[in-house]
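Here is a short briefing on a protein structure. Look at the sequence and the model first, then read the points below.

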Amino acid sequence: MVLGPWHILVELWKLLTPLTLLYVTGSTFIGIVIGMLPGLTATMGVALLTGLTFGLPPKDAILILICVYVGAIYGGSRSAILLNIPGTPANAATCLDGFPMAQRGEAGPAIGLATTSSFLGTVFGLFCLAFFTPLLGKIALQFQSWEFFWLAIFGIIVCGNLTAPTDPLKGWIAGFVGLLVSQVGQEGIAAYPRFAFGFDQMRGGFALIPVLVGVYGIAEVLGVMRETMVPRVMTQIHKVLPRWRDLWLYRRTILRSGIIGVIIGAIPGVGEDVAAWVSYDFAKRGSKKPEEFGKGSREGLIAAETGNNACIGGAVIPVLSLAVPGSAPAAVLLGAMWLHGVRPGPLLMIEFPNYIWEVTAMFILASVAMLILGLSLVRTLVKVLMVPRPILMPIVFVLCVIGAFAIGVRIFDIWVMLAFGLLGYPMRKYNYPAAPMVLGVILGDMADVNFRRALIRTAGDPTPFFTRPISLILVAITLFVILSRSTQVRRVLAAGLARAKVALARG
Amino acid sequence: MRDEFRRQDFYTGLILCVVSLGVVAECWRMPRDLQGWPAYASPGVVTGLLGLGLLGMGFALTLRSVRRAGGTPFGITGADVRAYLADVGTRRLGLMLGLSVLYCLVLGRGLPYWLTTGAYLLAVMCVFQAGPWWQILLISAGTTAAVAYVFNRIFAIPLP
């Protein structure tokens, strides 16, 4: 732990080669472009690039994906500020104050503040990643089959609850659909082919990347092409470099948003959009000028952008320590690590002790590239926003097809991608969040194998599921989350509280 | 409580109930003594439980949509279907989907990748009036060549 900074420097030094720097610059730029184009999300970008970089050495491929991830989460702020359309869901809160700033002629300072606060958020997140992953990894070593089963269920329930705040039932349905999708194909104990229906292709199950590219990429292509509206871009940008006074003035907001971002990132499947909203809300509550929020508040903009980028580091903490993704793009990153032979989880610190430092060094490079590109290529990037959607979207579709095909070299995967695109489109339209479904696809195997393995170990006795301390905590939180969203339970609790108050008043 | 997706929720709930019942039935048919493992470790245990969970949620979704007042009625009339089909957005969606499915159908059937992809890009950009014909032609050809070269030659990814 003490040697952590030294290890990070060593890994950073190893990464400083001309080819690596070229990858970092190129992929961060691609990430920013993907993020800033409304309709293309960070998850879709990372999923697409996972397929496209499959032929590269593992280290280069993961580096590229991390750069795309960081770049895309930041890039969405650009369209939020200039178009009032969040480039990715993570930047929805940025619209509230970024666009009013652009409307009053402060597009440049807004972009500058968004860039620097995104950088600070990412740096804060990655230091938390380097510090907390080994700690959580030590705790995770105590996890056994019972805990892993509950961890999967806990992840789905919490993620469904937070990504569908107005209607958690839809979030949970999406999560369970994802869990069921993961059950197709040969299972992990006796290799029995479930739901194959005699088709050889189905015996292997649905590959993760075609499913993700379908749910995020194809659904978005269809959604964007359905719309006829052409957004208007604010192109008058003058001074971009932020006033350092603003950053110093709002240092507490930056720190608070960073902490919130990391904590929310570490919760399975929740992700950057929730981190941005919660950071924004806390900043408004703690602000000396809350009335300025929503009307071009610099503090609001800083809070949202710090929160969503700090979430990236937080989301990777459970990826590396528990093999449970903290956000949808982190889920794809986890899938990419598996594809390239890295097995994140409790044993990572034992099998690949330097991997955490290597990933941290990759994040440092990505955040520096994001800062430099974000502050320097302002006018070039604005031109990207002007590319007509009927030109861009078919090209994206072609890339999605290659991304889905590349990993297994099977036409079947293209059809899987298309099918999940057709599922993802109505899901999005009718308020079913995609993140719990993605998390379900990732965690389904973990839930299945560990549940059955646990029962085998206890000769069919389910008691340890409810008596082991960590299991008990996970069950309690899961039940609390479900019951807290039940109207009936809330009514009973409210009635009980009212009765208790009356009883207390009577003495 | 009003719900803007009351009708959709009703039908989604019904579909979920039917699908999850199918899942549970299929799990029940799975072997319960596979390779000597006990019944509680059979392949259908967790999947069946998940199916039951989804059945419960589908039932709750349907029940909730029935109990919620207001919103659109559950029945779908001919006028509803005609209005949906006449919508510009639906037509754009149908065109994009149709062309994309056609592209996927043609891929991997012996035609060269550059031909199918170039034709697909050209068709979509023409149908959606992305710009003047020479610009569309140039972009389609350039993109196809770039995609084929970068992924096939540089990244060594086989193309469909």
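A residue is buried if 20 or more other C-beta atoms lie within 10 Å of its own, exposed if 12 or fewer, and partly exposed in between, with C-beta atoms placed from the backbone. Of the 507 residues of chain A, 60% count as buried. This is a predicted model, in which local features need pLDDT of at least 70 and side-chain atom pairs count only at pLDDT 80 or more, while totals for chains, interfaces and linings use all residues. Residues are numbered from 1 along each chain as its sequence is written, and chains are lettered from A and ligands numbered from 1 in the order in which they are written.

**Chain A overall**
- Chain A has 24 helices and two strands; these are DSSP runs numbered from the N terminus, helices being H or I with at least four residues and strands E with at least two.
- The radius of gyration of chain A, taken over C-alpha atoms, is 23 Å, close to the 23 Å that the globule rule gives for 507 residues, so chain A is as compact as a globular protein of that length. The globule rule is 2.2 Å times the number of residues to the power 0.38.
- The C-alpha trace of chain A spans about 75 × 70 × 55 Å along its principal axes.

**Contact between the chains**
- Two residues are in contact if their C-beta atoms, placed from the backbone, lie within 7 Å. Chain B gives 54 residues to the contact and chain A gives 48 residues.
- On the side of chain B that touches chain A, H2(B) gives the most, with 10 residues.
- That side of chain B has 40 nonpolar, 12 polar and two charged residues. Here Ala, Val, Leu, Ile, Met, Phe, Trp, Tyr, Cys and Pro count as nonpolar, Asp, Glu, Lys and Arg as charged, and the others, Gly among them, as polar.

**The largest nonpolar core**
- A nonpolar core is a set of buried Ala, Val, Leu, Ile, Met, Phe, Trp, Tyr and Cys residues joined through C-beta atoms within 7 Å.
- The largest one has 210 residues, and Leu65(A), Tyr69(A) and Val438(A) have the most contacts inside it.
- Helix H4 (residues 58-83) of chain A provides the largest share of this core, 17 residues.
- Leaving aside neighbours within four places in sequence, Tyr69(A) is in contact with residues including Gly31(A), Ile312(A) and Leu333(A).

**Arg452(A)**
- Arg452(A) is found in helix H21 (residues 434-457) of chain A.
- Arg452(A) counts as buried because it has 24 C-beta neighbours inside 10 Å.
- Leaving aside neighbours within four places in sequence, Arg452(A) is in contact with Ile189(A), Ala41(B), Val45(B) and Val46(B).
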